[in-house]
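Here is a quick tour for anyone opening this structure for the first time. Take a look at the view below, and then let's begin with one pair of side chains.

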Amino acid sequence: MLSICIVFSISAGATTLPNEKLQNYIEACNLMKQGIEKRDKIILYSSMDLFDTLDIVSIPETSIRAIDDRNALSPTLFFIPEFIDELILHKFELAQLDEASLLRNNSVSADISVSHHGIKAEKSMLLEIEGNGHMEILIVSSGNAAPQIEVKDKNSGKIIGNYSSSGSSSWIIWDMDRPGWFELEISNMDKSDETFVIAIN
């Protein structure tokens, strides 16, 4: 019989990630949100400078799939430098874009792999993602509230709920016993529809 270990706690006091690249990514995302809110190109350029220190690629479609997407929506923004280029080029007025049309980098030695998803207000979605070894998963919301997140390792049955939050970001760190798939549940805690980026180092 498969034993299930459940751990649950929220470390709201842990305001920084131990991973410097993911921490820089959070800072770039926060600057981008600030620049969009204020329609300030200077802030957006500062955000782009931080993004440009990172090699960012899309999580391959073969490595991520939706299990329950009843509350899913199309993303309305993308936390990548290419999206900032589009914002500046079109004076903050954009037609609908998608991640695949923006991120064309396929580097095998990427710093961060990302996937963008929209979630309805106060709803959640469940994804399945391929992983291996030491895992550090960061979720950044386009809204104000940090998402609630939970992971289930499908190999071991272990449920990990001990995530940390700061601002509109949450992250969770654990070690997979062997390569395989894990389930990631993301709950939108805002009273409005929001975009979420999953970033994996």
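The side chains of Lys154 and Glu183 come together in a salt bridge, with 3.9 Å from N to O. Lys154 sits in the loop between strand S8 (148-153) and strand S9 (159-166), while Glu183 belongs to strand S11 (residues 180-187), so the pair ties together parts that are 29 residues apart in sequence. Lys154 is partly exposed, with a relative accessible area of 39%, whereas Glu183 is buried at 18%. The two also belong to a network of salt bridges that links Arg65, Glu128, Lys154 and Glu183.

Keep in mind that what you see is a predicted model. The protein has 201 residues, and 49% of them count as buried. Its secondary structure comes to four helices and 12 strands. Among contacts with a separation of 6 or more, 78% are between residues 24 or more positions apart. The accessible surface comes to about 10100 Å², and carbon and sulfur atoms hold 48% of that.

**Salt bridges**

How many salt bridges does the structure hold? There are seven. Three of them are listed here.

| Pair | N to O distance |
|---|---|
| Asp111 and Lys21 | 2.8 Å |
| Asp68 and Arg70 | 2.7 Å |
| Lys154 and Glu183 | 3.9 Å |

Take the salt bridge between Asp111 and Lys21. Asp111 lies in the loop between H4 and strand S5 (112-119) and Lys21 is in helix H1, so this pair ties together parts that are 90 residues apart in sequence. Asp111 counts as buried at 14% relative accessibility, and Lys21 as partly exposed at 37%. In the pair of Asp68 and Arg70, Asp68 is partly exposed with a relative accessible area of 23%, while Arg70 counts as exposed at 65%.

**A charged residue without a partner**

Now for Glu194, which is in strand S12 (residues 194-200). Glu194 is buried yet has no salt bridge, and Lys33, the nearest side chain of opposite charge, is 7.3 Å away. Why no salt bridge for Glu194? A salt bridge needs the nitrogen and oxygen atoms within 4 Å, and Lys33 is 7.3 Å off. What Glu194 does have is a polar contact between its side chain and that of Ser142, at 2.7 Å. A polar atom of the Glu194 side chain also lies 3.2 Å from the backbone nitrogen of Gly143. The residues that Glu194 touches include His117, Ile119 and Asn188.

**Helix H1 and its ends**

Helix H1 (residues 20-38) has 19 residues and reaches 27 Å from first C-alpha to last, close to the 27 Å expected. Its buried residues include Leu22, Tyr25, Ile26, Met32 and Lys33.

Thr16 touches Gln23 and Trp171. Thr16 and Ser165 are 149 residues apart in sequence, but 8.7 Å apart in space, C-alpha to C-alpha.

What follows H1? That would be Arg39, with a positive phi near 50 degrees. Arg39 is in the loop between H1 and helix H2 (41-51), and counts as partly exposed at 48% relative accessibility. Lys91 also has a positive phi, near 55 degrees. Lys91 is in the loop between helix H3 (81-89) and helix H4 (99-102), and counts as exposed at 60%.

Definitions and conventions. Residues are numbered from 1 along each chain as its sequence is written. This is a predicted model: local features need pLDDT of at least 70, side-chain atom pairs count only at pLDDT 80 or more; totals for chains, interfaces and linings use all residues. Side-chain values use heavy atoms; hydrogens and water are left out. Helices (H or I, at least four residues) and strands (E, at least two) are DSSP runs, numbered from the N terminus. Buried means under 20% relative accessible area, exposed over 50%, partly exposed in between (1.4 Å probe, protein chains only). Contact means heavy atoms within 4.5 Å. Accessible areas come from the Shrake-Rupley method with a 1.4 Å probe; for residues, only the protein chains shown count as cover. The expected span of a helix is 1.5 Å times one less than its number of residues. Lys and Arg count as positive and Asp and Glu as negative; His and the chain ends are not counted. A polar contact is a pair of N or O atoms within 3.5 Å; within protein, one must be able to donate a hydrogen and the other to accept it, and residues adjacent in sequence count only if both atoms are side-chain atoms. Lists of a residue's contacts leave out its neighbours within four places in sequence.
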